[in-house]
Amino acid sequence: MVKENERKVGDFLDKIEQTGQMRRVQYLTVKQVADRWQVSERQVWRLIGEGRLKSVKIGECRRIDEAAVRAFEQSNRATAA
């Protein structure tokens with residue numbers, strides 16, 4: 001039964017990988033995001049606190065998924081008038 005379940009999980013992961021649904025998550029620190037945007041770390045913390053920038057806590061550290069950074073950048077792009 002265990003071998004059968006291992007095979008099913010392996011098949012499932014192979015299928016996900018083939019369809020491109022699996023992605024490697026790249027986490028950034030608050031400092032890295034601040035440097036990227038050329039703002040203070042305090043401003044990044046403010047955005048996290050307001051819930052405008054999604055982040056995760058890993059142990060004692062706060063990390064921001066790069067996909068969340070890109071999504072924030074897309075939703076806050078200034079449009080030329």
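Trainee: What share of the contacts with a separation of 6 or more comes from residues 24 or more positions apart?

Mentor: This is a predicted model: local features need pLDDT of at least 70, side-chain atom pairs count only at pLDDT 80 or more, and totals for chains, interfaces and linings use all residues. Numbering starts from 1 along each chain as its sequence is written, and side-chain values use heavy atoms, with hydrogens and water left out. A contact means heavy atoms within 4.5 Å. Among contacts in the protein with a separation of 6 or more, the part from residues 24 or more positions apart is 48%.

Trainee: Which pattern does the protein follow along the sequence?

Mentor: Start with the elements: helices (H or I, at least four residues) and strands (E, at least two) are DSSP runs, numbered from the N terminus. The protein has 4 helices and 3 strands. Read along the sequence, they give α-β-α-α-β-β-α.

Trainee: Which residues of helix H2 are buried, and why do they lie on the same side?

Mentor: The buried residues of H2 are Val30, Val33, Ala34 and Trp37. The arc is taken from the directions that run from the helix axis to the C-beta atoms. Residues three or four places apart in an α-helix point the same way, because a turn has 3.6 residues.

Trainee: What do the buried residues of H2 pack against?

Mentor: Look at Ala34, which sits in helix H2. Ala34 has a relative accessible area of 2%, so it is buried. Leaving out residues up to four places away in sequence, Ala34 touches Val39, Ser40, Glu41 and Val44. Taken together, the buried residues of H2 pack against S1, H3, S3 and H4.

Trainee: Where is Gln38, and what is its phi?

Mentor: Gln38 lies in the loop between H2 and H3. Its relative accessibility is 74%, so Gln38 counts as exposed. Gln38 is a residue other than glycine, yet its phi is positive, near 55 degrees.

Trainee: Which residues of helix H4 are buried, and what arc do they fall within?

Mentor: H4 covers residues 66-75, and its buried residues are Ala68, Val69, Phe72 and Glu73. They line one face of the helix, because seen down the axis of H4 they fall within an arc of 140 degrees.

Trainee: Which exposed residues sit on the face of H4 turned away from its buried side?

Mentor: The buried side is covered by elements that include strand S1 (27-28), helix H2 (30-37), helix H3 (41-49) and strand S3 (61-65). The face turned away from that side carries Gln74 and Ser75.

Trainee: At what angle do the axes of H2 and H4 cross?

Mentor: Two packed helices are described by the angle between their axes and the distance between the axes. Here Val33, Arg36 and Trp37 in H2 meet Glu66, Val69, Arg70, Phe72 and Glu73 in H4. Axes are lines fitted to C-alpha atoms, for helices over the stretch in contact, with angles from 0 to 180 degrees between N-to-C directions. The axes of H2 and H4 come within 12 Å, and they cross at roughly 30 degrees.

Trainee: Is Glu73 buried or exposed, and which side chain is its polar partner?

Mentor: Glu73 counts as buried, because its relative accessibility is 18%. Its contacts beyond four places in sequence are Arg36 and Trp37. A polar contact is a pair of N or O atoms within 3.5 Å; within protein, one must be able to donate a hydrogen and the other to accept it, and residues adjacent in sequence count only if both atoms are side-chain atoms. At 2.6 Å, the side chain of Glu73 makes such a contact with that of Trp37.

Trainee: Which residues does Leu47 contact, leaving aside neighbours within four places in sequence?

Mentor: Leu47 is found in helix H3. Its relative accessible area is 5%, so Leu47 is buried. Beyond those neighbours, Leu47 is in contact with Trp37, Arg52, Leu53 and Phe72.

Methods
Buried < 20%, exposed > 50% of the residue type's maximum accessible area, 1.4 Å probe, protein only.
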